[in-house]
Amino acid sequence: MEDGKRQGSGVSKQSLWEMRMTRRRLLRNTGVGAAGLFGGAAFLAACSSNKPSGGGSSAASSSINVGFAYIGPVADNGWTFTHDEGRKAMETALGSKVKSTFVENVPISAEAGQTFEQLASTSELVVANTEYANYLSDVAANHPDVAFLECDGHTYTDNLFAFYVEHVAPNYLLGVAAGMLAKSGKIGYVGAFPSATAFNDTNPMLLGARTVNPNASVKAVLINSFFDPQKATAATNALIDGGAEFIFSVMDEPSFLQVAEKRGVWGAAWNLDIRTFGPTAYVNTYQLEWGDFYTEQAQKVLDGTWTAEKEVHLLPLSLGTWGDNVPKDVQDAVAAAKTKVEGGLNPYTGPLTDTKGVVRLKEGETLSAVQAYTIDWSLQGVTGVA
Amino acid sequence: MNIFLAALRTAIDAGTVVVCAGMGELLTERVGVLNLGQEGLIGIGAVTAVIVSANSSSPWVALFAGMLAAGVLGLLFATSVVIVRTNQVLTGLAVVLIGVGLSNQLGNDYQGSPVAHTFAPLKVPILADIPQVGPALFDHTLIVYLAYVVLPVVVAIVLFRTRHGMNLRAVGENPAAADAAGINVAGMRVLYTTIGAALSGAGGAFLMLVFTTNWSVNVARGRGWVALAVVIFAAWRPSLLVFGALLFGAMISLGFIAQEQNWGIPSFALTMLPYLVTLALIIIPSALARFGFKVRSSVAPAGLAVPYFREER
């Protein structure tokens, strides 16, 4: 990211329709209290049941509304920011055929259901940028004529499916860099929840690091949040205190990189290029770009050809530009590994043993990207995730 | 640095917020006012520091602005409970809601970007060069030394070694007697409630200018409530309060060390640790007294949370 201060300013310039809408304001706009909401929801459910059903909108439309629900603030310089960039890219690509609105800071709770109910009643396509599980699927079931997309979700119905990024390969490549940059082999991971995402960050990273540094290990500290600079700072400090020389973080904000910069270790991340927050420490980032996917899905809804996919739709991820201080030999080693991965090398290739000593993949066995999407075990050498 | 000394270093920083807010609450309670609004005051102090830091050139300006803003909210609270004599518990809870809500609203545009101007650590000459211990104890920002050393000493001297402090305590113990002795009860209460709130604001500002230089919603994260508990644990004494706060800080940093060292405790459980210890701090003295152990009688100021009506004297 070139401009560290670009959050906030863009929002005020948006049109009336996509005016920044907080969850509270959205709820207030219904003009009623809780009882009214329930009544409204029931009414809307009744209305939608009168419409022809059959999985997503079945007829072509000249223009559609797309509603986005974000787990964090659009100004987070991270996850939600990238989704909002994707939303804007979709608007640019489809022009007047699509209008979009978003609700930020939607908690994973019953309140989310109300937000989705609101979005579903005014949109043809609803996108949630994290897994809301039954808070989303319940609403989807009440709106069979609306298409639903759930990022990192695990529910597949006639009008709802999950999409996500394929991050086994990029983590493996970053692991190669980590193994070379951390001379001791100690890699720290600041994660959120003990979910498949955390396993798919740490396992391939260890495998990549071990190709260049047999002593490599990955220590994880999970802070049960994607946006908590206070805990992320403390976790990063604890990892560095324990000897970590390379920190990888999945946080939606860049505080870990500031700590890495201050304490003289390397830092790499998800989401977007955050080098301005730690130019010396910065290694690389997987760039999240959702615009093409959102455009494609919105176009399908417009054409009336949208159908829910039956397994997770994984988007490819790529590394960004290297940090200014990453040595050439590291960059070359990663490029060489990248060629191998593109040539068909699967990082999850047996023999692989988990932390309890159970052989998870026998010699020659592999785990496909879709299989890895629901992984729930750590490799020997990774601690702190399970 | 040894991992436990490193943890101590984090604990000292983490505890500073509680020292500031706790000392503010201690002064407030010593004059007989219960200000439950710590959580909100920390939030206001923090958000003001973030905003002012972004629009000024010095962290000191941000720190004082944070104290000022929290002081203004404290003054409002004091006016309400001392002059208008509203219920202190309810008004305090209102301060929490106002402070947390307002700070979240004001801070919304600052999420995800670092605080502009922050405090740098100040090494204590000679002491900071002691191997291992030096970096853990003597390589902190100036605010940390002020909070752990200067503040408790000053408060203790004022409270227990000056006539003014005696008057102050008299207002908290027996406002009627203090009033009869010619002490301005209302004035004393308003003054120290405001000063107390400003100290809590300093805690919030510290949080943003030193501890985590990134704004996030609900910034106080329960530290305000912990500060209230630590005052009780400390039996309203400044010296003990410092240890209570440090213990709380230690629990926070231990939660992360435990994960890093792979002790096998789930991260959700570790998150509870500081609050469990806080609970224990409150329960243990009472439990010991219950079973016949001699504990320092932790008597609250007798006039605590009781509005003073001169007419009912």
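Student: In chain A, what share of the contacts with a separation of 6 or more comes from residues 24 or more positions apart?

Tutor: Happy to start there, keeping in mind that this is a predicted model. Chain A has 386 residues, and 57% of them count as buried. Its secondary structure comprises 13 helices and 16 strands. Among contacts with a separation of 6 or more, residues 24 or more positions apart account for 67%.

Student: How many salt bridges does the rule find across the interface of domain 1 and domain 2 of chain A?

Tutor: In the contact, 19 residues of domain 1 of chain A meet 15 residues of domain 2 of chain A. The area buried between these domains is about 1300 Å², with 67% given by carbon and sulfur atoms. The rule finds 3 residue pairs in polar contact there, while the number of salt bridges is 0.

Student: Which elements of chain A each supply at least two residues of the side of domain 1 that touches domain 2?

Tutor: The residues on that side of domain 1 of chain A divide into 9 nonpolar, 6 polar and 4 charged. As for the elements of chain A that each supply at least two of the residues touching domain 2, they are α4 (79–94) and β6 (160–166).

Student: Now the two chains: which element gives the largest share of the side of chain A that touches chain B?

Tutor: The contact takes 35 residues from chain A and 30 from chain B, and the two chains bury about 2600 Å² between them, 51% of it on carbon and sulfur atoms. In chain A, N224(A), Q230(A) and D241(A) lose the most area to chain B, together 23% of what that side buries. Between the chains, 8 residue pairs are in polar contact, and β8 (217–222), α9 (229–241) and α10 (255–263) of chain A give two or more residues each to the side touching chain B. The largest share, 9 residues, comes from α9(A).

Student: With which residue of chain A does R221(B) meet in a salt bridge?

Tutor: Across the interface of chain A and chain B the rule finds 2 salt bridges. In one of them, the N to O distance is 2.5 Å and the side chain of R221(B) is one partner.

Student: Is P274(B) buried or exposed?

Tutor: P274(B) sits in helix α12 (residues 267–290) of chain B. Leaving out residues up to four places away in sequence, P274(B) touches F248(B), M251(B) and I252(B). Because the relative accessible area of P274(B) is 5%, and the cut-off for this class is under 20%, P274(B) counts as buried.

Conventions: Residues numbered from 1 in each chain as written. Chains lettered and ligands numbered in written order. Predicted model: local features only at pLDDT ≥ 70, side-chain atom pairs only at ≥ 80, totals over all residues. Heavy atoms only, no water. Contact = heavy atoms within 4.5 Å. Buried area = accessible area lost by both parts, 1.4 Å probe. Salt bridge = Lys/Arg side-chain N within 4 Å of Asp/Glu carboxyl O. Polar contact = N/O pair within 3.5 Å; in protein donor to acceptor, adjacent residues only side chain to side chain. Helix = DSSP H or I, 4+ residues; strand = E, 2+ residues; numbered from the N terminus. Nonpolar A, V, L, I, M, F, W, Y, C, P; charged D, E, K, R; others polar. Buried < 20%, exposed > 50% of the residue type's maximum accessible area, 1.4 Å probe, protein only.
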